[in-house]
Amino acid sequence: KETEEVFKVKKSSYSKKIVKQLKKEYKEDLEKSKVRTEVNSPTDVEPPLEKTGQIKDIAQEDGTANSEHGEEEMEVESEKEEEKPKAGGAFSSALSSLNVLRPGEIPDAAFIHAARKKRQMARELGDFTPVDSEPGKGRLVREDENDASDDEDDDEKRRIVFTVKEKSQRQKIAEEIGIEGSDDEALVAGEQDEELSRWEQEQIRKGINIPQACVQPSQPAEVNNLYYQNTYQTLSYGSSYGIPYTYAAYGSSETKSQKTDNTVPFKTPSNEMTPVTIDLVKKQLKDRLDSMKELHKANRQQYEKHQQSREDSTKAIEILEGSSGGIGEQYKFLQEMRGYVQDLLECFSEKVPLINELESAMHQLYKQRASRLVQRRQDDIKDESSEFSSHSNKALMAPNLESFGRDRVIYQEQVKRRTAEREARRARRRQAREQTGKMADHLEGLSSDDEETSTDITNFNLERDRILKESSKVFEDVLESFYSIDCIKSQFEAWRSKYFASYKDAYIGLCLPKLFNPLIRLQLLIWTPLEGKCRDFETMLWFESLLFYGCEEQEQVKDDADISLLPTIVERVVLPKLTVISESIWDPFSTTQTSRMVAIVQKLVDGYPSVVNAENKNTQMLLKALLLRMRRTLDDDVFMPLYPKNILENKNSGPYLFFQRQFWSSVKLLGNFLQWYGILSNKTLQELSIDGLLNRYILMAFQNSEYGEDSIKKAQSVIACFPKQWFANLKGDKTISQLENFCRYLVHLADTIYRNSIGCSDVEKRNAREHIKQIIKLLASIRALDHAVTVANDHNVKELKILIEGK
């Protein structure tokens with residue numbers, strides 16, 4: 001029933017064109033069958049009524065399915081029925097006789113024609129399938145598929161092998177429902193129903209354009225031991241799609257009544273699908289469950305791993321967030337400091353050249369004043385030397401020129417002017433000494449002639465005030481935070497106190513001395529330690545401001561550069577300034593300036609360890625400047641005139657006074673040189689003071705002096721200049737080698753005094769003996785014991801031990 005309903009649905013879905021095509025093909029088949037039947041048999045073959053009725057039923061069902069075209073289809077069907085030719089029943093009987101041919105029976109001509117016709121129809125419909133015999137079971141029966149004409153009967157007869165035909169599906173069904181196999185009419189009817197059903201299925205297949213490849217050929221039938229089976233059974237249209245179907249004869253009432261009983265369901269071949277069992281399903285479900293459990297386990301582990309990673313990340317974020325607050329503030333602070341330092345450096349890049357110019361101008365001003373004073377002293381010495389010297393040959397040859405070739409009239413006018421100024425200065429100094437009560441102790445030549453005229457003082461003060469005024473305008477267009485040492489210091493102190501690690505990594509302690517350098521030099525612009533009213537640099541604002549920088553209450557860090565901030569500033573700022581002062585401004589002939597210069601340098605040596613360092617470049621430059629200035633003074637400013645003794649006998653004469661003045665100025669210079677003891681090396685000092693000054697100039701003056709009490713007094717003044725440390729550690733009876741000439745002079749002086757006392761009164765002899773004892777004391781004071789013993793032995797001085805110990 002289900003199969004019949006399916007076919008009804010299929011047939012009801014046919015279109016009108018399919019019905020027309022089926023009718024046309026059926027008509028052509030009838031015509032071909034009629035022609036062939038008339039040739040082979042005189043009996044007329046009529047078309048089966050069942051097939052015609054079936055086509056009508058299809059058309060009617062199609063019309064029912066398509067109601068809007070129903071009437072038109074009925075008219076077409078009636079016209080076609082009128083045009084159908086009528087055929088006899090011989091063809092039907094021949095077809096039915098194919099099923100009743102018994103084994104060994106010889107077929108007649110009608111049977112052969114019917115078999116040929118059936119084969120031809122199967123070939124045209126595409127349902128012909130040759131049966132190949134397997135090897136060893138029978139002979140292969142092959143038919144020529146290309147034989148389509150009736151002229152080849154003989155060849156086909158030779159190729160046809162008649163065998164017992166296997167029962168068809170329809171016959172099997174008929175036997176099952178009770179139809180006997182010997183009943184020819186039932187077999188013929190069943191065969192016709194089977195042939196018509198096969199033809200209908202093929203037409204349905206062509207109508208719906210099913211590819212030929214989709215139609216599966218039927219399996220070859222089993223081969224009997226006695227006969228070769230040759231069948232043309234094929235699977236129907238529905239078998240290729242697994243659809244159950246039934247063979248039904250639509251042309252008779254018997255088949256219609258038995259339609260429900262004759263339905264045979266289509267069974268799917270056993271080799272297309274593995275039978276499904278409960279165990280197989282359970283096994284597959286179990287495998288599926290196991291794989292899902294493993295996947296779940298892996299996902300669970302991955303989930304736990306991600307959870308742990310998430311927890312670790314959360315903790316890391318919390319830690320970083322807890323520690324990032326200071327870093328953020330530090331970054332902000334450092335960015336602000338970076339901008340501040342950049343602005344500060346840009347400000348200094350513009351202001352430092354101005355500071356350098358002002359400092360150079362101030363140094364030049366002081367240098368001009370010092371040079372003017374030195375030049376005046378040199379001119380005075382030349383004027384006095386020329387005044388008391390005899391006329392040279394050059395003067396006699398050129399009476400209008402003085403000894404240096406200059407115009408005598410102009411030169412004499414300048415000399416007169418300088419002489420008047422010199423005498424006026426001396427008179428004012430003498431008057432000042434008389435007022436202070438120092439006139440008795442004063443010796444000519446010991447005073448420093450550094451008095452200036454009012455004009456020079458006024459010009460100097462005006463220029464200095466101008467420079468100071470310009471210096472006050474350097475930072476007038478700058479904020480206080482960029483030129484005030486306190487403001488700048490506070491910025492870096494905040495950095496140091498908050499973020500010392502980054503402060504140290506940036507080497508700020510090494511950069512601060514250079515950063516403060518321009519500001520300190522600006523404050524030291526008028527600082528000159530050679531002047532009595534000069535302020536000590538340790539009492540200045542910059543020093544007090546930076547004194548406790550980097551000295552917080554917290555524990556000091558090792559190798560902290562801020563501890564040496566002030567020593568470094570003194571080394572890089574104060575020492576270079578002192579170098580310029582000593583080279584251009586300091587006058588070694590001035591005892592006051594020399595004492596102040598020695599004091600400031602000694603203070604730096606004692607209080608600042610960086611100054612004592614022999615490898616310090618600035619310290620070396622300062623010492624070199626001092627030595628150069630002393631050597632230049634020794635070469636240019638020292639002059640010792642030589643006069644006959646008869647001229648020097650008049651102690652009120654100009655030559656005598658000039659000689660005494662030059663002698664005592666040389667002794668004063670010797671004392672100024674030896675003030676540098678402890679700062680300069682002993683070798684350097686001995687070279688300058690003894691070799692360069694004492695042996696070269698002072699001893700010459702001793703030889704021209706009167707041998708007597710005056711010479712002893714001068715010798716005592718010279719020995720008083722020597723540092724006692726030179727002779728404290730001497731071993732033996734000899735003094736230092738550079739004083740040998742001076743010792744010999746003292747021995748000669750003792751001998752001269754003794755000779756001059758011979759033949760004199762007892763008072764003079766007693767005075768001479770006292771002078772000899774003083775000479776022995778002088779020799780003992782400089783550790784020249786060998787010379788002292790010689791003098792004592794030569795002049796019978798018995799108090800030698802007392803004299804030596806009482807030195």
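**View 1. Packing of helix α22 (residues 617-636) against helix α25 (residues 682-704) in the predicted model.** The two axes approach within 11 Å and cross at roughly 5 degrees, axes being lines fitted to C-alpha atoms over the stretch in contact, with angles running from 0 to 180 degrees between N-to-C directions. Helix α22 is therefore roughly parallel to α25, a class that covers angles under 35 degrees. Helices are DSSP runs (H or I, at least four residues), numbered from the N terminus. From α22, L627, M630, R631, L634 and D635 meet T684, E687, L688, G692, L693, R696 and Y697 of α25, contact meaning heavy atoms within 4.5 Å. By class, this contact has 6 nonpolar, 2 polar and 4 charged residues; Ala, Val, Leu, Ile, Met, Phe, Trp, Tyr, Cys and Pro count as nonpolar, Asp, Glu, Lys and Arg as charged, and the others, Gly among them, as polar.

**View 2. Helix α29 (residues 762-781).** R783, which follows α29, has a positive phi near 65 degrees.

**View 3. Cysteines C487 and C534.** C487 is partly exposed at 23% relative accessible area, and C534 is also partly exposed, at 22%; this class lies between buried and exposed (over 50%). The count of disulfides, pairs of cysteine sulfur atoms within 2.5 Å, is 0.

Residues are numbered from 1 along each chain as its sequence is written, and side-chain values use heavy atoms, leaving out hydrogens and water. Local features need pLDDT of at least 70, side-chain atom pairs count only at pLDDT 80 or more, and totals for chains, interfaces and linings use all residues.

Technical notes
Helices (H or I, at least four residues) and strands (E, at least two) are DSSP runs, numbered from the N terminus. The expected span of a helix is 1.5 Å times one less than its number of residues. Buried means under 20% relative accessible area, exposed over 50%, partly exposed in between (1.4 Å probe, protein chains only). Angles under 35 degrees count as roughly parallel, over 145 as roughly antiparallel, 65 to 115 as roughly perpendicular and the rest as oblique.
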